[in-house]
Amino acid sequence: MFTKVIGRRLIFSAFILIAVSLLVFGATLLLPGDAARAILGQQATPERIAALNEQLGLNQPAWQRYFSWLGGLFVGDFGTSTASGGSVAALLGDRVWASFILMGVAALISVPLGIGLGVYSALHRGGRRDQSLTGISLVLAAMPEFVIGIGLIAIFATSVFQILPAVTLAPPGEPVWGRPEQLILPTLTLVLVVTPYIVRMMRATMIEVLDSGYVEMARLKGVPETRVIMRHAVPHALGPVAQVVAIQLAWLAGGVVVVEFLFRYPGLGQALIDAVTYRDVQVVQAISMLVAAVYVVVNLAADLVGILTNPKLRSAA
């Protein structure tokens, strides 16, 4: 039965991706300007524009271009960049890894940190520590990511300490992880944006679980408090929190665009901004589908975690 649940989720996720592909392709058709004219620039003539449209297949009907592009996605062919003339997959290869490293490091820090601080705050609810953590999380949650990033740049790169680079210094072709210090500020920005939401949700869920009957029963039976918290309370609180974690991790895929632009980080965000500027439709479509795929995979994983950590849902499955 559990396999059937996973199968239904996978089928539903596939339909979501197909719907997103329609929206992405339709949105790129509505971009202002002409791709061929943007590529040719001042050398654009009617003859050259017509020849380039023929070369890029832009003179074909929209539905034919969509199915050709969709078919390429199934085999890993994202098409050809209209700006550079090279393969989109080759163009985005290093940038995908750079963005995934940035998002992965931020997730590995923010998720355990948020859960741990949420549990700690719930165990000290009403006290000064709880009030301090709640106040800090509220302030950080209310601040946009670019404000947090600019603040960190002012403190650690320009005005106060000047100990970290304000922007990415890696030359083209050099992996960003070759200079770990340039990952600190972008990663810290994402951590400070994501963690407060996890802390608040984990605190609220943990308080509710600690007041539940089965936790009280475990305490009455003389189970040690540490075991009550780690064995009975935390696992039951992780189910609802998994959804919030999924939303925040999915946000990383889209929110990283602003952070990468702010720190001139050579990832998908910077590539997306450049592609929109030069009307490189194939690159815009590829990045949009990659972000959508991250959203779907993360939410699917959160659904599975929610089922596995909730006895009622697990029994139903």
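Q: Which residues make the nonpolar surface patch of about 410 Å²?
A: This is a predicted model, in which local features need pLDDT of at least 70 and side-chain atom pairs count only at pLDDT 80 or more, whereas totals for chains, interfaces and linings use all residues. Residues are numbered from 1 along each chain as its sequence is written, and side-chain values use heavy atoms, with hydrogens and water left out. A patch is built from residues with over 30% relative accessible area and no salt bridge, nonpolar side chains being joined within 5 Å and like charges within 9 Å, with areas from the Shrake-Rupley method and a 1.4 Å probe. The nonpolar patch of about 410 Å² is made by Ile11, Phe15, Ile18 and Leu22.

Q: Is Phe15 buried or exposed?
A: Phe15, one of the residues of the nonpolar patch, lies in helix α1, which covers residues 2-29. The classes are buried (under 20% relative accessible area), exposed (over 50%) and partly exposed (in between), with a 1.4 Å probe and protein chains only. Because its relative accessibility is 57%, Phe15 counts as exposed.

Q: How many helices does the protein chain have?
A: Helices are DSSP runs of H or I with at least four residues, and strands are runs of E with at least two, numbered from the N terminus. The chain has 317 residues, of which 39% count as buried. Its secondary structure comes to 0 strands, and the count of helices is 13.

Q: Which residue forms a salt bridge with Asp211?
A: A salt bridge requires a side-chain nitrogen of Lys or Arg within 4 Å of a carboxyl oxygen of Asp or Glu, and the structure holds 2 of them. In the one formed by Asp211, the closest N and O atoms are 2.8 Å apart, and the pair links distant parts of the chain, from the loop between α8 (184-210) and α9 (213-220) to the loop between α5 and α6 (128-141), 86 residues away. Asp211 counts as partly exposed at 47% relative accessibility, and its partner, partly exposed at 39%, is Arg125.

Q: How far apart in space are Tyr278 and Thr82, C-alpha to C-alpha?
A: Tyr278 has its place in the loop between α11 (268-277) and α12, and at 55% relative accessibility this residue counts as exposed. Tyr278 and Thr82 are 196 residues apart in sequence, yet their C-alpha to C-alpha distance is 9.0 Å.

Q: What is the phi of Gln162?
A: Gln162 lies in the loop between α7 (145-158) and α8, where it is exposed with a relative accessible area of 54%. Although Gln162 is not a glycine, its phi is positive, at about 55°.

Q: Where does Arg264 lie?
A: Arg264 also has a positive phi, of about 55°, although it is not a glycine. Its relative accessible area is 44%, so Arg264 is partly exposed. Its place is the loop between α10 and α11.
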